[in-house]
Protein chains: 2
Amino acid sequence: MAPVGRPRSDASHAAILKATYELLREEGLARLTLDKVATRAGASRSTLYRWWPSRGAIAMEATLDMLNRELSLEPKGDNALAEFRRLLKSVARAMRGSTGPIMAGILAECQRDPETLRLFKENLVAPRRAEVVPLLERGIQDGSIRPGVAPHTILDLTFGAIYHQLLLHVPTDDAWMDGVIDILVNGIAAKPAA
Amino acid sequence: MAPVGRPRSDASHAAILKATYELLREEGLARLTLDKVATRAGASRSTLYRWWPSRGAIAMEATLDMLNRELSLEPKGDNALAEFRRLLKSVARAMRGSTGPIMAGILAECQRDPETLRLFKENLVAPRRAEVVPLLERGIQDGSIRPGVAPHTILDLTFGAIYHQLLLHVPTDDAWMDGVIDILVNGIAAKPAA
């Protein structure tokens with residue numbers, strides 16, 4: 001998210017995101033206020049209100065900050081399908097623990113506040129897809145993924161399955177994620193794995 | 001949902017659900033109150049409060065009532081995979097129009113109110129799955145679905161993809177649903193369709 005107004009001090013910026021993430025984990029997004037964040041971070045309320053327009057905006061930035069540390073797409077020279085499988089596992093892992101319920105809270109806030117939805121799509125969905133869609137396109141090139149499947153539809157299914165469990169508060173484990181990956185990979189593989 | 005308290009008059013019950021659905025369509029669940037429903041339906045507030053514990057509960061019943069009229073699983077003697085494909089199309093169709101955004105609102109309310117989540121799982125998720133899981137099991141029996149796939153995981157992917165579009169406010173069309181079905185059916189088919 002682009003900083004607004006005067007440049008932020010890196011230290012206080014980090015302290016504010018940390019305080020936000022802690023409050024999200026403890027109480028959830030529905031109970032978050034910018035005032036609580038200011039108190040917890042020892043920052044002034046006016047600073048907070050100058051930098052973030054809403055609780056949705058600050059929650060999104062704190063969550064992105066956390067996700068970017070937890071998720072990374074490091075190419076290992078596998079074919080694209082194998083790389084995609086590794087990525088799915090790391091997403092599922094990141095959604096266990098406290099980040100999962102926070103994501104469910106953000107998705108709920110997106111239904112109440114169109115601005116939070118806009119930030120979610122712009123700052124979270126679009127950049128992730130900009131990384132993964134080329135990987136899937138490479139899979140069609142390298143022959144590991146059959147032609148004719150739309151990369152975006154693969155991602156709607158992938159993230160959809162994860163959101164589904166988060167929203168219904170069903171814990172996911174490796175066996176569940178393996179089952180999801182098995183169906184998806186069989187569904188898109190150029191040569192059936194079965 | 002089992003009626004609570006004295007038996008409801010069918011006419012006023014139907015009028016209340018109709019008023020609820022109209023309000024959900026017009027203003028969304030976040031703005032719904034039992035008082036507004038009482039006024040719109042010409043019912044007494046005390047009746048409403050006696051029958052439904054929360055806006056989540058009445059929204060769920062009104063939505064279920066609508067969905068049960070829109071969705072039906074009529075066997076046509078196809079193999080189970082073909083029947084499943086038909087069912088997915090009818091779910092996707094039902095989620096277009098006004099029911100989709102209402103479902104997104106209910107999923108959001110489930111994050112705020114554990115009782116709404118409980119009702120959602122008990123009255124919507126569980127009965128649907130009780131219909132569809134045997135269909136998928138029959139598919140494994142009749143050889144159209146490969147053994148080893150978990151019916152519940154197929155449904156997590158299916159409904160997940162639909163929830164994903166609803167929550168991100170991305171309209172779905174037949175081409176998108178065909179793409180989803182193509183991946184899922186290839187992913188679970190005993191003999192690859194590709």
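Let me begin with A:His169, which is partly exposed, with a relative accessible area of 44%, where partly exposed means between the cut-offs for buried, under 20% relative accessible area, and exposed, over 50%, with a 1.4 Å probe and protein chains only. Please keep in mind that this is a predicted model, in which local features need pLDDT of at least 70 and side-chain atom pairs count only at pLDDT 80 or more, while totals for chains, interfaces and linings use all residues. Residues are numbered from 1 along each chain as its sequence is written, chains are lettered from A and ligands numbered from 1 in the order in which they are written, and side-chain values use heavy atoms, with hydrogens and water left out.

A:His169 sits in the loop that runs between helix H8 (151-167) and helix H9 (174-188) of chain A, where helices are DSSP runs of H or I with at least four residues, numbered from the N terminus. In chain B, B:His169 has a positive phi of about 55° and is likewise not a glycine; the loop that holds B:His169 lies between helix H8 (151-167) and helix H9 (174-188) of chain B, and B:His169 is partly exposed, at a relative accessible area of 44%.

Over residues 10-70, chain A is 80% helix and 0% strand, with the end C-alpha atoms 20 Å apart.

Helix H1 of chain A, residues 10-27, has 18 residues and reaches 26 Å from its first C-alpha to its last, close to the 26 Å expected at 1.5 Å a residue, the expected span being 1.5 Å times one less than the number of residues. Among the buried residues of H1(A) are A:His13, A:Ile16, A:Leu17, A:Tyr21 and A:Leu24. What covers the buried residues of H1(A)? The cover includes helix H2 (34-41), helix H3 (45-51), helix H4 (55-70) and helix H6 (99-112) of chain A, where contact means heavy atoms within 4.5 Å. After H1(A) comes A:Gly28, whose phi is positive, near 85°.

Over in chain B, helix H5 (residues 80-95) has 16 residues and reaches 23 Å from first to last C-alpha, close to the 22 Å expected at 1.5 Å a residue. Its buried residues, including B:Phe84, B:Leu87, B:Leu88 and B:Met95, pack against H4, H6, helix H7 (114-141), H8 and H9 of chain B. In helix H6 (residues 99-112) of chain B we find B:Pro101, which is exposed, with a relative accessible area of 55%. B:Pro101 and B:Glu70 are 31 residues apart in sequence and 16 Å apart in space, C-alpha to C-alpha.

On a 1 Å grid over the protein atoms alone, a cavity is a set of points where a 1.4 Å probe fits but cannot get out, a pocket is an open set with protein on both sides within 12 Å along at least five of seven lines, and lining residues have an atom within 4 Å of a point. Grid points are joined across faces, edges and corners, and a volume is the space filled by probe spheres set on the points.

Of its 13 lining residues, B:Met103, B:Leu124, B:Arg128, B:Phe159 and B:Tyr163 lie nearest its centre. H7(B) gives the largest share of that lining, four residues.

The second largest cavity holds about 120 Å³, and its lining includes A:Met103, A:Arg128, A:Tyr163 and B:His164. In that lining the largest share, four residues, comes from H7(A).

Finally, the second largest pocket has a volume of about 220 Å³. Its lining includes B:His13, B:Tyr21, B:Asp65 and B:Arg69, and H1(B) supplies the largest share, seven residues.

How values were computed. Helices (H or I, at least four residues) and strands (E, at least two) are DSSP runs, numbered from the N terminus.
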